[in-house]
Structure formats: structure tokens, C-alpha cells
Amino acid sequence: MTLCTSCGKRPAQFLRRASGERLCLPCLFRSIEEKVWRTIREERMIEPGDKVAIAISGGKDSLVLLDVLGRLKERGRLRGVELEAFTINEGHPYSCFYRMSRADFVKALAERYGMTYSVYTFKEVFGYSALEVAEGLSKNGVEIHMCTIDGVLRRRAMNLIGKRRGWTKIATAHNLDDEAQTVLLNVLMGNLKRFAWFNLEDAEEKDIIRRIKPLKYVREEEIAVYAYYHGIPLMELECPYVYNNPRYGLKFILAELEEKMPSVKYNLVSVGRRLGELLKVEDGYKKCKYCGALTAREICRTCEIFEKAGLLEGYLRHQAIWSLMQPPSSTSR
Ligand SMILES: [Zn+2]
Ligand SMILES: [Zn+2]
């Protein structure tokens, strides 16, 4: 029987291949929590006075993020910090099923740590669901991938809701594997600007709520083990729109590289972070001529999508009214 290399007492149950450590489960879970806490401090992700909204996609990673942040708070480590959880339901058959199938579980988990859990829909924020946008686009013969529509509009929705709810940070559950893929993808696409844009230290000035990724150094497989032993549902439905996403193949390329270079994912993520620090967002960002949001172009991507779908006017009209209404409630639905 091999003993845990950390405590030396309990039998080892998990081999951390990148480092060669053999850990018992309590030591593995503690080390994940410690890693998250170290990441938060080193990158100054959360500070006293922050109101952090945790984005729940419904997948295990976001539920593990909720659980780990809840535990950190329970242990007195996030003093003076307010936490809440939310889901954005885009409104196509997949998201309705996937995102909402675990709503009761999420609500109970959030409540266990004294957090509220809210669900917001594209329909209430924009006046249109993702499906209506997709229909508009196809009627006009424009092809935009569903993942792009969801991604662009979800980012905008988070900013719009967050500004009204007073969020200072939005925490997403991207893990080491996701982040390594993003860095590699940006390099392969020659997209240097992306690094500056995603490392927004001066986010407030740019009118964007800062995104934080506390799980960015935690491996996907460790999150899966954590989820399994904490009773978090593991069932992952593959998004039906994922297959012609360029990311999909990178997962396998990275796994192959890792066989010979165990630290390749950490290296990529660290390089991405350093690049972000070196490349400041250049000035010269303009205000979108339709909605006023900060953008590198004349028209922001959100307005571009609505315009191509023939729904721009409706969207802008809805926005003007929505911003006058009561701030979205924090009651769970
Ligand atoms: Zn141990
Ligand atoms: Zn715009």
C-alpha cells in the first residue's frame, strides 16, 4: 500500500501526474482549495468589499467553483466579500434543458453557503431569445455559429445585469484545460490582441465588469474527482453545437503533448498571463454607434448580431426600457 505523499498517514488514492504526487482524497481536496485560494490572492482576484457573482453554466466545473468559494468563505477566508450565484438561460432548446436541469441542486448548494441563486434570460435582457436571433439570422441568409451568438450575447448580458446589480467581479469556472486551449487557440489564430483584452486590470474604467477564473490552475480531471466525491452531478451533455468549434480538436492535441511534457498546460496558461501583463489594451477604443458599449470597431459585436438578424431596433428599444425598470431581482426562481 502506498501512503499519501502529503500527510504520510492515509493510503494514496490519486496520482497527480504532472508532479508525481500520490495523494489521499482529503489531501487532494485540501490542495485544490489551497490552489484556488493562492490563485485568488496572487492575482488579486477578490478583495474585501467585492460583490462576486458566480456564473453557473450547469456543468460540474461551475458547481465545483460554487462549492469551493462557499467553503473558502465558510472558513473565514473571504471576509467582507459578498457572493451570489446566477445562470443565464439563452433560450434555445439545449440551454433550456441543460442549464435548468440542475436548478434545484444549484439553489440548494448556494443556500447552504448563504448565497442567493438567480436565473436571467436573454429574452428579459435583450427582448429576444437565442433561438429568435438564430431564426432572424437564417432568414437573412447570415451564418453565425450558435456558440458565437451565445458567447457574445452572454458576455454582454452579464455586464448589463451586473452593472445594475452592483457586481464588482464575475467568477467563471474555466479550468486549466480550458485556459490552455484558449491560449493555444489565440496563438494558432495569430490573435495577440486577445491577450490584452482578456487580462483587463483596468476593467472598471473600460466599463466592463472584471472576469475572474479562480479554477484556472486546476486540472479538469481533479475537478471531476472533487465533484464526484462531493455529490455534485457529473453528467455532462455535450453541447450539440460544439462539433465545428475549433477548440474541440485542441483538447486531443494538448493531451498528446502532455504525454511528453507534463507541465505543458501550466506553461501555456502562465505564458498567457504574462503576455496579458505585457500587452496593455491600446487606447482608441470607441463607443458603439448604436448602444454606446466600448468596442474596437464602429459597431459592437452584440449590435452587429442583432443588426444582421434584423432585430437591432427591437433590441435597442427593449434595452432603453429595461434599463429604466427595477434592477433584476436577486430572488431565486
Ligand atoms: Zn493525505
Ligand atoms: Zn452596440
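Modeller: R44 sits in the loop between α1 and β3 (51-55). Helices (H or I, at least four residues) and strands (E, at least two) are DSSP runs, numbered from the N terminus. This is a predicted model, where local features need pLDDT of at least 70, side-chain atom pairs count only at pLDDT 80 or more, and totals for chains, interfaces and linings use all residues. Residues are numbered from 1 along each chain as its sequence is written.

Biologist: What is the phi of R44?

Modeller: Most residues other than glycine have a negative phi. R44 has a positive one, near 45°.

Biologist: Is R44 buried or exposed?

Modeller: Buried means 20 or more other C-beta atoms within 10 Å of a residue's own, exposed 12 or fewer, partly exposed in between; C-beta atoms are placed from the backbone. R44 has 9 such neighbours inside 10 Å, so R44 counts as exposed.

Biologist: Which residues of α1 are buried?

Modeller: C27, L28, I32, V36 and I40. Their cover includes β1 (14-16), β2 (21-23), α2 and α10 (220-229).

Biologist: How do the axes of α1 and α2 cross?

Modeller: Two packed helices are described by the angle and the distance between their axes. Axes are lines fitted to C-alpha atoms, for helices over the stretch in contact; angles run from 0 to 180 degrees between N-to-C directions. Those of α1 (residues 25-42) and α2 (residues 60-74) come within 10 Å and cross at roughly 80°.

Biologist: Which residues make the contact?

Modeller: From α1, I32, E33, V36 and W37; from α2, V68, R71 and L72. Contact means C-beta atoms, placed from the backbone, within 7 Å.

How values were computed:
Chains are lettered from A and ligands numbered from 1 in the order in which they are written. Two residues are in contact if their C-beta atoms, placed from the backbone, lie within 7 Å.
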